[in-house]
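Please give a short report on this protein chain for someone who has not seen it before.

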Amino acid sequence: MRLPALFALSATALLAACAGTPDPGNDPTGSWVGALVADQGTCPTERPSTLRIRGKEILFTPADGSQVLHGTYTPGNHHYHAELAMTDMNHHETAVVFNGYPVGQAIGGIFGSPSCRAHITMTRN
């Protein structure tokens, strides 16, 4: 009686290990963390950045600072967009933008502001 129970428990553990974490293309829900890598300009690379996807809400915080970019997630869409509208010192409208997409088990993306262009690869936290 113990041997079948042990076999069933082992099989369940093996299947759970094989399942792993959900593919971000199918389920991006959760927190994702990575470091911005500057491509051009002066970028906030001193600390990790965080992307959070909960329900229909997308939040991206570059260098986990005070700027929070907001967006809306549509289930089944493989594009994650968030932005923050700002006004520069000359009173011109500008935006800080994040565009992300699934890359295997990670989320890749491009971050842009008037003074920075950077790329990022984030893993589920």
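A residue counts as buried when its relative accessible area is under 20%, as exposed when it is over 50%, and as partly exposed in between. Cysteine 43 has 12% relative accessibility, so this residue is buried. The model is a predicted one.

**Overall make-up**

The protein chain holds 1 helix and 9 strands. Along the sequence the order is α-β-β-β-β-β-β-β-β-β. The chain has 125 residues, and 27% of them count as buried. Its accessible surface is about 7,700 Å². Carbon and sulfur atoms supply 60% of that surface. Among contacts with a separation of 6 or more, 38% are between residues 24 or more positions apart.

**The disulfide**

The count of disulfides is 1. Cysteine 43 and cysteine 116 form this link, with their sulfur atoms 2.1 Å apart. Where do the two cysteines lie? Cysteine 43 is in the loop between strand S2 (37–41) and S3, while cysteine 116 is in strand S9 (residues 116–124). The pair therefore ties together parts that are 73 residues apart in sequence. The torsion about the S-S bond is about 105°, so the disulfide is right-handed. Cysteine 116 is buried, because its relative accessibility is 5%.

**Strands S1, S3 and S4**

Strand S1 (residues 30–34) and strand S3 (residues 49–54) run antiparallel and are joined by 5 bridges. In this pairing, serine 31 stands opposite arginine 52 of S3. S3 also pairs with S4, in the antiparallel sense and over 5 bridges. Here arginine 52 stands opposite leucine 59 in S4. S3 and S4 form a hairpin with 2 residues between them. Glycine 55 sits in the turn and has a positive phi of about 60°.

Which residue forms a salt bridge with glutamate 57? The partner is arginine 54, and the closest N and O atoms are 2.9 Å apart. The count of salt bridges comes to 1.

**Threonine 50**

Threonine 50 is part of strand S3. Is this residue buried or exposed? Threonine 50 is buried, because its relative accessibility is 5%. Its side chain makes a polar contact of 2.7 Å with the side chain of aspartate 64. Leaving out residues up to four places away in sequence, threonine 50 touches Trp32, Val33, Leu59, Phe60, Thr61 and Asp64.

**Glutamine 67**

Glutamine 67 lies in the loop between strand S4 (57–61) and strand S5 (69–72).

**Partly exposed residues**

| Residue | Relative accessibility | Class |
|---|---|---|
| Arginine 54 | 48% relative accessibility | partly exposed |
| Glutamate 57 | 33% relative accessibility | partly exposed |
| Glutamine 67 | 28% relative accessibility | partly exposed |

Definitions and conventions: Residues are numbered from 1 along each chain as its sequence is written. This is a predicted model: local features need pLDDT of at least 70, side-chain atom pairs count only at pLDDT 80 or more; totals for chains, interfaces and linings use all residues. Side-chain values use heavy atoms; hydrogens and water are left out. A salt bridge is a side-chain nitrogen of Lys or Arg within 4 Å of a carboxyl oxygen of Asp or Glu. Buried means under 20% relative accessible area, exposed over 50%, partly exposed in between (1.4 Å probe, protein chains only). Helices (H or I, at least four residues) and strands (E, at least two) are DSSP runs, numbered from the N terminus. Contact means heavy atoms within 4.5 Å. Accessible areas come from the Shrake-Rupley method with a 1.4 Å probe; for residues, only the protein chains shown count as cover. Two strands pair if DSSP finds at least two bridges between them. A polar contact is a pair of N or O atoms within 3.5 Å; within protein, one must be able to donate a hydrogen and the other to accept it, and residues adjacent in sequence count only if both atoms are side-chain atoms. A disulfide is a pair of cysteine sulfur atoms within 2.5 Å.
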